[in-house]
Amino acid sequence: MADISLKEVTLIVGVVTACYWNSLFCGFVFDDVSAILDNKDLHPSTPLKTLFQNDFWGTPMSEERSHKSYRPLTVTGVVGRAELLSSIFFLAAFLSYTKSKGRNNSIVWTAIALTVFLVAVATLCKEQGITVVGICCVYEVFIAQRYTLPSLCTTVGQFLCGKGSIPFSMLQTLIKLIVLMFSTLLLVVIRVQVIQSQLPVFTRFDNPAAVSPTPTRQLTFNYLLPVNAWLLLNPSELCCDWTMGTIPLIESFLDIRNVATFTFFCFLGALGIFGLRYPGNSSKTVLMALCLMALPFIPASNLFFPVGFVVAERVLYVPSMGFCILVAHGWCKISTKSVFKKLSWVCLSLVIFTHALKTLHRNWDWESEYTLFMSALKVNKNNAKLWNNVGHALENEKNFERALKYFLQATHVQPDDIGAHMNVGRTYKNLNRTKEAEESYMTAKSLMPQIIPGKKYAARIAPNHLNVYINLANLIRANESRLEEADQLYRQAISMRPDFKQAYISRGELLLKMNKPFKAKEAYLKALELDRNNADLWYNLAIVHIELKEPNEALKIFNHALQLNPKHKLALFNSAILMQESGEVKLRPEARKRLLSYINQEPQDANGYFNLGMLCMDDKKDTEAEMWMKKAIKLQADFRSALFNLALLYSQTARELRALPVLEELLRYYPDHIKGLILKGDILMNQKKDVHGAKKCFEKILELDPSNVQGKHNLCVVYFEEKDLLKAETCLIETLALAPHEEYIRRHLNIVRDKISSATLIEQPIFPASRTLGVQRDKSRTENVKDSRSEPRPTEIIKTSDNKSQSKSNKQLGENTGKETPHKTTKEVKEIEKKRVAALKRLEEIERILNGE
């Protein structure tokens, strides 16, 4: 290996830094989103072993939608890290192999073992790493043993003809090559076992030539070789995606592009003959350069199996090393001639400078998804995927109108692209243009393979295309009269792919909406057969058990979901509510722990703080309850339940005057809040002695609910306080008609009548301190009942909350009877008071908190 000076290292580092400094300002784009941001394997809570069970994108290798790209050692950084790491270990394996030749052609087994290990590591970073074995074989035969192709053929021919024995050096070479090939074969076998002997499923849009007939397929595949070579020679027009119609198919031998193919093979053949036939350093340099260019490219050449792209610049990373060696060798040959020396240095400087500028400019293209895909459209306008991706970038920015234009253009470029029509439908839906959305989904559905009895669809349909049934069903089920039609679409998707998990999940949610919890349970259980480690599915099943009035079973399933994902926010929240509502004191500490974990993940969700406050009220921790309620209100000023319960907390702890401002705030947002009006009227009547203000509260209640017994009774008390006994009597008669079984109303009516019929001139209050009936605690657990929601690409629907978090309070509402009247002794009055205080008021109906209320 040539020595490298510090000056050279500094120069290289400086040039690289100058070329790539601006890339630090670029975000995660394109494949980075799927491979990094949305990859669950990268979450801290994911067990390390899953990295060795899933593909590069976080999809289980056993699933058909897996790309079968097994790279467990490439799990961080941008997607290009796969090529970088693989190249590093690729070169390390090759350099290690160059040390395997000892004195007198002896074998250095340590170097061989290290080479095999590094080959395995390079392959685990990216599949093309295994091709370094071919590089090592060529190096061993033509470089280390100094054979040329003619001399090698002569030696082998003599041995086969019995005219000589195998030279010791060749025997040593054979042993090393056998070890390398056996190790490679073992790696290939393991790799095939990992992908379970299944090739990834690609659509005809990914690689159109792969599904084309002969000779179109062969002509196009061969033409792709000079296209890649041209990208190495002149990387001026770069594109992040070369699928679909990027390169039109070559369907005839008369296509002019076949000339480029012929020229490429002629040039490649000439270089190959030069490298293999002639001895000398120049020919060996050319041979190794060709090997570095050709062998690592073989996995992407469609030679052994079809790949999921037409052209991919990333697969040229290792071949570019060989190309650079070839260019550098040619430059050295030219620069040694004095007549071209200055010109060669000028040309080299010009190449470096222009390529550095091109690199700087290209880096800015990767700043965001929008800039990346727009730069690609400048190169290629025949790729519908690029139009779709620009639309996705605008869609992520909520710019649906502009996104729609790009999605529509994608359908014009590729009219049979199912995904493009689905994108159009989704955008129309986001724009609330449901009719157009349904038409687009129907168009996409019409492009799906037609149902053929007895035909297996799994191998013919891309899993993501089946989402057209899901999207269409999700759209039409918003219409209550079309629920059965939506269910039919889900069942059709399942019939086409019985392992289509998302169809079971979406159908389960629909069945819940149709009030068919038992069938919903069956759907979720079927989905769990396909994916038992999905915490969201277990969460959905728990929601079903809540609908089935089985809270204990629901809590068990919530706990199982939390075992799979201890930070599952919705399972933490809803299981805590179930624990609280169970009434079991021993479960409250765990409920508190889960709510604290929830607010740690969702610090801006007022519901978590509110429910912690309710839990503290259950435990009689008034100070802490007040703190949590205030935090909830700080986050959401119009949090109805938090405002009311904070006021009630003040009232129950003899701080009624502090409750009034809170009630004023509550009634400002919700002027028809009956409980708030009752509590405010009670405080005004009993604490502020504001009879007029209390009367307005109770009258407002009766405007909202004329049959409200508590508001009606309290208004009767106001009439009595105003000394209008006849009106009080009429009021109590009306109240008794509303609640004929309430003994305290009948008793109060008798007292008023006795007062009216009494001849005494001394007026005494019937109800001590004119006490009105108070209100009970509002234990609605959530301000907003959360509905179903979807898991990210691919969409998995999970129900986030339900109304079962509401409960009723068993607290009694006190009432006070009046002082002693002329007809009763003091002892009798005290007895009445005692009985009145002990009287039970009927439990009020707990308000259900509706979405967006």
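Visitor: Which residue forms a salt bridge with Lys-501, and how far apart are the closest N and O atoms?

Guide: Lys-501 pairs with Asp-531, and their closest N and O atoms are 2.9 Å apart. Please keep in mind that this is a predicted model. The pair links distant parts of the chain: Lys-501 belongs to helix H20 (residues 501-513), while Asp-531 sits in the loop between helix H21 (517-530) and H22, 30 residues apart.

Visitor: Are Lys-501 and Asp-531 buried or exposed?

Guide: Both Lys-501 and Asp-531 are buried.

Visitor: How many salt bridges does the count come to?

Guide: The count comes to 31 salt bridges. One of them joins the side chains of Asp-241 and Lys-385, at 3.1 Å from N to O. Asp-241 lies in the loop between helix H8 (216-233) and helix H9 (257-277), and Lys-385 in helix H14 (residues 384-396), so this pair ties together parts that are 144 residues apart in sequence.

Visitor: How do I read the burial of Asp-241?

Guide: Buried means under 20% relative accessible area. Asp-241 has 4% relative accessibility, so Asp-241 counts as buried.

Visitor: Which side chain meets Arg-426 in a salt bridge?

Guide: That is Glu-395, at 2.8 Å from N to O. Arg-426 lies in helix H16 (residues 418-430) and Glu-395 in helix H14, so the pair ties together parts 31 residues apart in sequence. Arg-426 counts as partly exposed at 25% relative accessibility, whereas Glu-395 is buried with a relative accessible area of 11%. Salt bridges can also form a network, as the one linking Glu-626, Lys-630, Arg-655 and Arg-658 shows.

Visitor: What span should helix H22 have at 1.5 Å a residue?

Guide: The 13 residues of H22 (residues 535-547) should span 18 Å, and the end C-alpha atoms are 19 Å apart, which agrees. At the start of H22, a side-chain oxygen of Asn-534 comes to within 2.9 Å of the backbone nitrogen of Asp-536. After H22 comes Lys-549, whose phi is positive, near 60°.

Visitor: Why is H22 largely enclosed by the rest of the structure?

Guide: In H22, 12 of the 13 residues are buried, so the helix is largely enclosed. Among these buried residues are Trp-538, Tyr-539 and His-545.

Visitor: And how many helices and strands are there in the chain?

Guide: The chain has 35 helices and 2 strands. Of its 853 residues, 49% are buried. The accessible surface comes to about 42900 Å², and 60% of that belongs to carbon and sulfur atoms.

Notes
Residues are numbered from 1 along each chain as its sequence is written. This is a predicted model: local features need pLDDT of at least 70, side-chain atom pairs count only at pLDDT 80 or more; totals for chains, interfaces and linings use all residues. Side-chain values use heavy atoms; hydrogens and water are left out. Helices (H or I, at least four residues) and strands (E, at least two) are DSSP runs, numbered from the N terminus. The expected span of a helix is 1.5 Å times one less than its number of residues. Buried means under 20% relative accessible area, exposed over 50%, partly exposed in between (1.4 Å probe, protein chains only). A polar contact is a pair of N or O atoms within 3.5 Å; within protein, one must be able to donate a hydrogen and the other to accept it, and residues adjacent in sequence count only if both atoms are side-chain atoms. Accessible areas come from the Shrake-Rupley method with a 1.4 Å probe; for residues, only the protein chains shown count as cover. A salt bridge is a side-chain nitrogen of Lys or Arg within 4 Å of a carboxyl oxygen of Asp or Glu.
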